[in-house]
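The sequence and model are shown first, and the description follows.

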Amino acid sequence: MEPRANDGARSRAGRPTSEEAARLTEKLRRAAVDTFLEHGYDRTTMEAVARAAGVTKSTLYGRYPDKRTLFIAVSSWALTRQERDARVLEPLPDDLAASLTLIARAILARSVDPDIVRLSRMAIAESARFPEFAASSQATTWSPRIQVIIDLLREHERAGAVSVSNVELAAEQFFAMVGAMPAWLAAYGIYRSPELEDQRLQHAVQLFLSGVLTRGPGHQDRPASSPATPIAGADHPSPGAGEDAGAGEDAVDDASSSQTAISRHAGPRREAAAMRYSRLGRSGLDVSRLALGIRAFGAAGGGCDPATAAGLVARYLDAGGNLIDATDVSADAAEICAVSLRGRRSQVVLAAGTSTGTGVGTSGDGGGGGGGIALDRARHGGRNSRRHLRAACDAALRRLGTDYIDLYQLSADDPSTPLEETVEALDDLVRAGKILYVGAAGFPAYRIMKAVAASDRLGRARFISLRSEYGPTARAAEREHFPLLAEECLGFISTPRPENETDPTNPALTARLQAAAAQLGCTTRQLDLAWQWTRPVAAVSVDISGVAQLDELLAAADVDLPGEVITAIDGSTAPSARL
């Protein structure tokens, strides 16, 4: 209703001016919000609200006919009032990353406001009773800040810097990703410090930018035949050859550039496509789709010497790879890997594991698991006991020449040790900074589920991945593990069968795979990798002994599997037919 020209004075006895009416409305709203927050919806009465506002019940009922109407009106007002902050209207920087960072900080500040959090929880709790409020409050709460993001994306889209099919949906996803950050940090027992919060925020901005920025001519989209990846997360391009995957600002600055090709190597070879990355489970860890296994380092008969190993590691890193798998390797292999990584440790996601107790090491305390220790129950207890895990981790750190391991994988199940003890021991290693993430290798599905449940119940570090044998001729994981990994958001690292063991029990199947590879102009190992990359696989870990073998596997990224070839392989190697 339009105000009257003489609205500054009372035109009728007892009737308030528009300014007085606005102040009264504000007073009623604040009193109602405070009352609902203190007593909840069911225990709040209109009389209590009127008393808190210092007005008569007739004045309150004159504006709100019942408690339901009052709750919907004041809750929507309270949830959106901070969105009218003048900071939303301030001019944003020209740089897209800087603008999104400013907006993200405002979203983060709002998401931890105590009143907003309590009202949001109340709205969720009462959503079944007030379905129309649940929808309207969400729309009005999000719209102002999201509209700023939408306008920002469209501005950069017109400039050719952004390419996104649905700007509105992208803006909502960014808002939700940042706004939910404090909740999931708290849910997993991570202490919310300003430094940690800003680190997560910067990563969220980088992750969002990697999906919306336009790419140079070297960019290749995901093959049309490749399905969504519910376990490992969506693939995205490598940040570039020789670049530290953890370098925040550099990753943003270089996100729109074309991907750097793999480094030059003596002799003619086929140029491979740019390395692509996958998110490992529910973590913030990105890993290259091809992992470098180092089991052949220092091995007798067909292995590679330290000089060859150093060249192999450099070649792999220059190609954009970042995941080096030192799980269950000999002490010699771990030490050679340590020398090969000198000066480039920050570029690597280093995976190692606990000792399997096979005594693989060359010295008295050497063993498997990335320079772990041989199992000695008298000295260290069970394989996954607190005492043994601590000793194995320290030995792995020493042999690998590093002060932390990015992904520490339990190499084998140990039913003799309570899972609660194992989970707590791994969490202690995480809190000590010796390991960053925890994974499993070769665990039965039901034991993974029990370990994840124990982690959630105790508020301890959770498994983020499983490492297991997989390939066109070894598909047992699809039936046993894949449903669980998808449900619990764990990443999958596959270990293909050795090349000379394509399928020892089915020569006819091996012949069909060889024929399909010949039809596509690739090797059977390249076909194996290309097929796995159409599955929910975050990374394929292959033990590599020479640069020629590495070049062959890197070139697998160029193999484009037609839909009919994938269907033929799936049909002839289905788990139900193989098990």
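Predicted model: local features only at pLDDT ≥ 70, side-chain atom pairs only at ≥ 80, totals over all residues.

Strand 10 has parallel pairing with strand 9 (residues 463-469), to which five bridges join it. Within this pairing, T495 is the bridge partner of E469. Strand 10 also pairs in the parallel sense with strand 11 (residues 539-543), here over two bridges. In that pairing, S494 stands opposite V540.

## Loop residues with positive phi

Most residues other than glycine have a negative phi. C489, in the loop between helix 20 (482-488) and strand 10 (491-495), has a positive phi of about 60° although it is not a glycine. With a relative accessibility of 27%, C489 counts as partly exposed.

D328 also has a positive phi, near 55°. This residue is found in the loop between strand 5 (323-326) and helix 13 (331-340). Its relative accessibility is 17%, and because buried means under 20%, D328 counts as buried.

## Enclosed helical segments

Helix 22 (residues 524-532) has eight of its nine residues buried, so this helix is largely enclosed by the rest of the structure. Among the buried residues are R525, D528 and W531.

In helix 21 (residues 507-520) lies L513, which is buried with a relative accessible area of 8%. L513 and V565 are 52 residues apart in sequence, and their C-alpha atoms are 9.8 Å apart in space.

## Salt bridges

Side chains of opposite charge can pair when their charged atoms come close. Across the whole structure, a search finds 21 salt bridges. One of them is formed by the side chains of D551 and R315, with an N to O distance of 2.5 Å. D551 belongs to helix 23 (residues 547-554) and R315 to helix 12 (residues 306-318), so this pair ties together parts that are 236 residues apart in sequence. D551 is buried at 12% relative accessibility, and R315 is buried at 4%.

Helix 17 (residues 419-431) contributes D428 to a pair with R386 of helix 16 (residues 386-400), linking distant parts of the chain that are 42 residues apart. The side chains of D428 and R386 meet at 2.7 Å, N to O. Both residues are partly exposed, D428 at 35% relative accessibility and R386 at 33%. R386 and D428 also belong to a network of salt bridges that links them with E424, D427, R431 and R460.

A further salt bridge joins the side chains of E420 and R457 (2.8 Å, N to O). E420 is in helix 17 and R457 is in helix 18 (residues 445-458), 37 residues apart. E420 counts as partly exposed at 34% relative accessibility, whereas R457 is exposed, with a relative accessible area of 54%.

## A negative surface patch

D94, D95, D151 and E155 form a negative surface patch. Of these residues, E155 lies in helix 7 (residues 131-158) and is partly exposed, with a relative accessible area of 46%.

Definitions and conventions
Residues numbered from 1 in each chain as written. Heavy atoms only, no water. Patch = residues over 30% accessible without salt bridge, like charges linked within 9 Å, V, L, I, M, F, W, Y side chains within 5 Å. Areas by Shrake-Rupley, 256 points an atom, 1.4 Å probe, with all protein chains shown as cover. Salt bridge = Lys/Arg side-chain N within 4 Å of Asp/Glu carboxyl O. Lys, Arg positive; Asp, Glu negative; His and termini not counted. Charge placed at Lys NZ, Arg CZ, Asp CG, Glu CD. Helix = DSSP H or I, 4+ residues; strand = E, 2+ residues; numbered from the N terminus. Buried < 20%, exposed > 50% of the residue type's maximum accessible area, 1.4 Å probe, protein only. Pairing = 2+ DSSP bridges.
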